Amino acid sequence: MRNGRLTAYSGMTTKIRAMKKNLLSPAQYEEITHITTVPDLISYLQNFPSYASVLINMDAANTHRGAVESRMTFSTYSDFSKIYHFAGNAQKKYLEFYFMKYEIAVLKACMRNIMDSRRTNANPVLTDKHFKRHTKINIDKTINSTTMDEFIENISGCVFEKPLRKVHQLENPTLFDYEMTLDLSFFTHIWKHPENFVPKGEYKYFENAFGSQIDLLNILWIYRCKNYYTLSDSQIYSFLIPVNYHLERSRIKEMVEAENNNILFELISSCYYGKTYGFDSSKSMESQFGSILNDIYMKDFKESPYSLAAINAYFHLKNLEVAKVVTAMECIR
């Protein structure tokens with residue numbers, strides 16, 4: 001079994017390792033911290049292979065944040081296409097999971113353009129021939145939708161149509177409602193149908209990565225809702241992904257109904273993730289969760305480089321890099 005997996009993953013894992021070397025280094029992040037204008041940041045990124053092609057011909061002086069973020073996100077899809085080319089049939093099946101993530105990014109971009117009153121500042125929705133061949137959505141029609149009615153009709157038949165249609169039938173739904181529904185539908189669909197994505201014998205790598213991500217997202221949502229917003233318990237529950245991995249339903253209930261932050265932090269510290277990785281109340285909860293996920297993905301990759309863990313680790317690092325660069329751009333602004 002091990003030799004068969006080595007053969008199946010050798011080409012793709014070699015490609016992933018080569019691409020991993022092109023990710024930004026700590027020294028390059030340090031250089032970014034000294035950049036003082038967005039045009040200079042864009043010019044800096046144009047020197048790197050992973051961003052040169054997506055940022056080419058961009059007018060750095062007159063480009064707004066949304067356009068840059070769209071291109072940065074598209075660089076993740078470009079990496080998906082490169083890895084897909086080296087994948088066998090079983091690995092391509094699993095990569096559908098990551099393709100759905102980019103489909104969601106495209107759908108969100110379309111909805112933002114429709115619901116943004118500043119139509120002249122519409123963000124670009126980037127796709128290519130490979131994307132159009134791969135997706136079941138009529139993407140050209142969807143991108144050109146001008147109303148939510150039209151948008152819902154144009155995604156007819158895709159896995160996200162029914163949940164989005166339900167939101168559309170609500171009275172005055174917001175962009176947040178649509179986007180949250182997309183995310184919840186994605187996580188629930190993937191968790192309930194692993195047989196559609198995960199090769200035999202590799203479920204543990206999917207479960208450990210995806211299940212832990214869901215647990216940590218739920219904890220983070222509870223933390224944010226109770227710290228930054230005034231929401232009822234029922235409202236908080238509506239934002240949570242209805243999936244449990246290491247985080248029991250009873251523990252989630254205790255967190256949602258915690259009377260104050262001290263009790264909430266005690267509950268977080270005593271759950272599986274707190275006991276295994278530890279939490280520091282003086283540090284950013286977001287950054288600590290990111291570190292935990294990084295530990296999980298990289299541990300699996302080191303233990304089994306010729307498995308789904310290689311795909312999970314690379315896309316985790318790539319998404320983290322894009323998020324850091326977008327954050328740096330916001331700080332510069």
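Tutor: A residue is called buried when its relative accessible area is under 20%, exposed when it is over 50%, and partly exposed in between. The model discussed here is predicted.

Student: Is tyrosine 44 buried or exposed?
Tutor: Tyrosine 44 is found in helix 3, residues 38-45. Its relative accessible area is 16%. The cut-off for burial is under 20%, so tyrosine 44 counts as buried.

Student: With which side chain does the side chain of tyrosine 44 make a polar contact?
Tutor: Tyrosine 44 touches Gln28, Glu31, Ile32 and Ile35, leaving aside residues up to four places away in sequence. The polar contact of its side chain has a distance of 2.5 Å. The partner is the side chain of glutamate 31.

Student: How many Å apart in space are tyrosine 44 and glutamate 171, C-alpha to C-alpha?
Tutor: Along the sequence, 127 residues separate tyrosine 44 from glutamate 171. In space, from C-alpha to C-alpha, the separation is 46 Å.

Student: Where does asparagine 172 lie?
Tutor: Asparagine 172 is exposed, with a relative accessible area of 65%. Its position is the loop between helix 10 and helix 11.

Student: What is the phi of asparagine 172 near, in degrees?
Tutor: Most residues other than glycine have a negative phi. Asparagine 172 is a residue other than glycine with a positive value. That phi is near 55 degrees.

Student: Which residues of helix 10 are buried?
Tutor: Helix 10 covers residues 161-168. What covers its buried residues includes helix 9 (148-154) and helix 11 (175-192). The buried residues themselves are Glu161, Pro163, Leu164 and Val167.

Student: Which residues does isoleucine 152 touch, not counting those up to four places away in sequence?
Tutor: Isoleucine 152 lies in helix 9. It is buried, with a relative accessible area of 1%. With residues up to four places away in sequence left out, isoleucine 152 touches Glu161, Leu164, Arg165 and His168.

Student: How many Å apart in space are isoleucine 152 and methionine 111, C-alpha to C-alpha?
Tutor: The two residues are 41 residues apart in sequence. Their C-alpha atoms are separated in space by 10.0 Å.

Student: How many residues of the largest nonpolar core come from helix 6?
Tutor: The largest nonpolar core has 110 residues, and those with the most contacts inside it are Tyr94, Phe151, Phe160, Phe186, Phe210, Met255 and Ile311. Helix 6, residues 89-115, gives the largest share of this core. That share is 14 residues.

Student: Which residues does methionine 255 touch, not counting those up to four places away in sequence?
Tutor: Methionine 255 is one of the residues with the most contacts inside the largest nonpolar core. Beyond four places in sequence, methionine 255 touches Ile219, Ile222, Lys226, Leu247, Leu264, Leu267, Ile268 and Cys271.

Student: Which helix gives the largest share of the lining of the second largest pocket?
Tutor: About 270 Å³ of space lies in this pocket. Its lining has 14 residues, and Glu96, Met100, Glu103, Lys136 and Val159 lie nearest the centre. The largest share of that lining, 4 residues, comes from helix 6.

Student: With which side chain does the side chain of histidine 316 make a polar contact?
Tutor: Histidine 316 is in helix 18, residues 308-332. It counts as buried because its relative accessibility is 11%. Histidine 316 touches Gly290, Leu293, Asn294 and Tyr297, apart from residues up to four places away in sequence. Its polar contact, at 3.3 Å, is with the side chain of asparagine 294.

Student: Is aspartate 295 buried, exposed or partly exposed?
Tutor: Aspartate 295 is found in helix 17, residues 285-303. Its relative accessibility is 42%, so aspartate 295 counts as partly exposed.

Student: How many Å separate the C-alpha atoms of isoleucine 332 and valine 38 in space?
Tutor: Isoleucine 332 lies in helix 18. It touches Ile35, Thr36, Thr37, Val38 and Leu41, with residues up to four places away in sequence not counted. Isoleucine 332 and valine 38 are 294 residues apart in sequence, and their C-alpha separation in space is 6.6 Å.

Conventions. Residues are numbered from 1 along each chain as its sequence is written. This is a predicted model: local features need pLDDT of at least 70, side-chain atom pairs count only at pLDDT 80 or more; totals for chains, interfaces and linings use all residues. Side-chain values use heavy atoms; hydrogens and water are left out. Helices (H or I, at least four residues) and strands (E, at least two) are DSSP runs, numbered from the N terminus. Buried means under 20% relative accessible area, exposed over 50%, partly exposed in between (1.4 Å probe, protein chains only). A nonpolar core is a set of buried Ala, Val, Leu, Ile, Met, Phe, Trp, Tyr and Cys residues joined through side-chain atoms within 4.5 Å. Contact means heavy atoms within 4.5 Å. On a 1 Å grid over the protein atoms alone, a cavity is a set of points where a 1.4 Å probe fits but cannot get out, and a pocket is an open set with protein on both sides within 12 Å along at least five of seven lines; lining residues have an atom within 4 Å of a point. Grid points are joined across faces, edges and corners, and a volume is the space filled by probe spheres set on the points. A polar contact is a pair of N or O atoms within 3.5 Å; within protein, one must be able to donate a hydrogen and the other to accept it, and residues adjacent in sequence count only if both atoms are side-chain atoms.
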